[in-house]
Each structure stands twice: as C-alpha cells, then as structure tokens.
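Good morning, colleagues. I shall speak about pockets, cavities and a few contacts; please keep the model in view as I go.

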Amino acid sequence: MGDEQQRFGEFVGVTRHEGGTVAELTLDRPKAMNAVSSDMARSIGAACEALGGDDAVRVVVVTSSHERAFCVGADLKERNSFSDAELVRQRPVARAAYTGVLDLPMPTIAAVHGFALGGGFELALACDLIVADATAVVGLPEVSVGVIPGGGGTQLLPRRVGAARAAELIFSARRVEAAEAADLGLVDQLVGAGRDRDEALALAARIAANSPVGLRAAKRALRVGHGLDLRAGLEVEDAAWRSVAFSGDRAEGVAAFNEKRAPRWPGV
C-alpha cells in the first residue's frame with residue numbers, strides 16, 4: 001500500500017504511491033455499493049480538483065473499496081426523494097464528478113471489478129484506460145429507468161466502440177460481462193479475478209516512469225485532436241509538441257538516453 005490516505009468527505013479517499021507520482025482515488029461508500037449520492041459526487045469533484053493541481057502526480061488510478069462493485073451508478077434512493085427543483089439543483093453537482101475525472105490533465109486508469117453500471121461505468125469511461133477483472137459487469141441501463149446516460153456515456157461510449165455499437169448497448173440497457181466487454185472494447189485490459197487494482201497500479205507505475213510534461217501534453221493532443229479531420233489534428237499535435245520541445249524534461253530525456261541512465265525528470 002501507499003502512504004496514509006487523504007480523505008475527501010466520507011466517501012472518497014486518495015492514496016499516493018510510487019513516491020507520490022501515482023495517486024489512487026478510491027470510491028469508498030461500501031454500504032451502497034458506491035452509489036453516487038450528492039455528497040459523494042462533491043467529494044469526487046473535490047478530489048479531482050486537488051489532483052489536477054498537483055504537479056507531482058503523473059497518473060491517477062480510480063479504484064473501489066467494495067469487493068463486489070466498482071460503482072453501481074447514481075443513488076436512485078436519493079433521487080427518488082427529490083422534487084423537480086431539487087433534481088435541477090443537483091444536476092451540476094453530479095456533472096462535476098464526471099467532468100472532474102474526465103478533465104484530469106494526467107493519464108487516468110479505472111480499475112474495475114464487479115458491477116460498473118450507469119454512472120459507475122461512466123466514471124470508468126471518463127478515464128483514459130480501463131483495466132477490468134473477470135468479475136466485471138458493465139453497462140449503461142439508464143433508459144430502463146426512464147432517463148439517459150447523463151455522465152458522459154452517450155458521448156464517451158461511441159468514441160470507444162463506434163456509434164452503432166454504442167446505440168445497441170444504450171438502447172437495450174443490457175449488462176455486459178467481462179469477456180464480451182473486452183471483445184467489444186468496452187474495457188482495455190482483462191485480468192484475473194481480484195487482480196484489477198494491482199494490475200492497474202502496476203500499469204500506472206510503468207506510465208509514471210515517463211516524463212510528466214510529455215504525458216500531459218500527449219493526453220492533451222489525444223483528447224483535443226480526437227474527432228478532428230487529419231490536418232486539424234496534426235496542428236493540435238504540433239502545438240502539443242511545441243509545448244514540450246524546449247522543456248526541461250525533453251533536455252533531461254535526451255541527456256539520459258545518450259548517457260545510458262534513467263532520467264531524473266524535472267517536470268517542467
């Protein structure tokens with residue numbers, strides 16, 4: 001394990017590993033299988049705001065403390081108690097949790113086991129990579145309760161698997177088990193039962209060995225350039241390249257390569 005966990009409210013913890021370069025954001029509302037209440041959404045948003053401003057963090061891994069679920073989505077018991085006016089007021093709070101993960105400037109990995117449904121799967125989709133174990137069950141079942149995926153699902157899922165496949169999954173509201181999820185590209189790496197967290201942290205450590213300046217610029221180029229035509233995308237890439245070409249990290253990386261040693265990234 002890493003250092004002592006920093007708490008964000010009652011339901012979210014952050015633990016730093018690999019000398020602080022890897023941050024583990026843990027969803028920790030086990031009594032509700034990590035259903036995202038308003039309080040939990042605020043905590044996710046606050047944790048992401050803190051991590052986004054921490055230049056020492058090179059990779060974020062989103063994990064769960066519940067042994068049978070990553071996150072089962074929105075807290076429908078809480079939602080059932082809302083008046084229409086309360087639901088309107090709660091919407092920006094919920095959105096801030098999902099966009100908080102999505103907007104993290106460093107690479108992000110979701111470690112998924114058990115149920116990752118609705119908003120839970122959307123939290124994973126907001127990450128750059130998803131490592132899932134053999135117990136994972138994912139899906140966006142919102143139309144079965146009269147709503148739509150509202151945490152980015154209608155936009156993030158087609159970017160992963162294409163428009164028609166996303167439509168089938170969203171319209172049918174079906175749950176997808178781990179093997180099929182891997183085949184369809186709903187998750188990126190399938191590992192043995194109970195191995196999702198360890199494998200995600202190991203992947204994060206490998207990524208974190210690279211230049212923090214390069215990692216953030218590469219993520220920016222990938223995100224901003226996606227969906228643009230090729231010429232526009234190449235301009236996005238060129239702008240990202242220029243942002244790192246004269247950095248201390250680039251100078252150190254080239255020097256370390258030529259001197260046949262491990263780089264000591266200045267992070268600027």
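The lining of the second largest pocket draws at least two residues from each of α2, α3, β7 and α4 (119-125). Helices (H or I, at least four residues) and strands (E, at least two) are DSSP runs numbered from the N terminus. This is a predicted model, in which local features need pLDDT of at least 70 and side-chain atom pairs count only at pLDDT 80 or more, while totals for chains, interfaces and linings use all residues. Residues are numbered from 1 along each chain as its sequence is written, and side-chain values use heavy atoms, with hydrogens and water left out.

Within that lining, α3 gives the most, with five residues. The second largest pocket has 25 lining residues, and Ala74, Leu76, Arg79, Glu142 and Val147 lie nearest its centre. Its volume is about 710 Å³. As to method, a 1 Å grid is laid over the protein atoms alone: a pocket is an open set of points with protein on both sides within 12 Å along at least five of seven lines, a cavity is a set where a 1.4 Å probe fits but cannot get out, and lining residues have an atom within 4 Å of a point. Points are joined across faces, edges and corners, and a volume is the space filled by probe spheres set on them. By class, this lining has 13 nonpolar, seven polar and five charged residues; Ala, Val, Leu, Ile, Met, Phe, Trp, Tyr, Cys and Pro count as nonpolar, Asp, Glu, Lys and Arg as charged, and the others, Gly among them, as polar.

Ala74 and Arg79 return in the lining of the second largest cavity, together with Val36, Ser37, Ala41, Gln90, Ala94 and Tyr98. This cavity holds about 40 Å³ of space, and helix α3 (residues 84-102) supplies the largest share of its lining, three residues. How many cavities of 30 Å³ or more are there? The count is two. The largest cavity has a volume of about 50 Å³, and its lining comprises seven nonpolar, one polar and one charged residues, Phe121 and Arg174 among them.

The largest pocket contains about 830 Å³ of space. Of its 28 lining residues, Leu102, Leu125, Leu156, Arg159 and Arg223 are the closest to the centre. Here α3, α5 (153-161) and α9 (212-225) each contribute at least two residues.

I turn to the sheet. Its four strands form an open sheet in the order β5-β7-β9-β10, with mixed pairing; strands pair if DSSP finds at least two bridges between them. Because β5 (69-71) and β10 (176-177) each have a single partner strand, one side of each is left without a neighbour in the sheet. β5 runs parallel to β7 (residues 115-117), joined by two bridges, and Cys71 stands opposite Ala116 in β7.

Finally, the whole structure has 17 salt bridges, each a side-chain nitrogen of Lys or Arg within 4 Å of a carboxyl oxygen of Asp or Glu. In one of them, Arg29 and Asp75 bring their closest N and O atoms to 2.9 Å. This pair links distant parts of the chain, 46 residues apart: Arg29 lies in the loop between β3 (22-27) and α1 (38-52), and Asp75 in the loop between β5 and α2.
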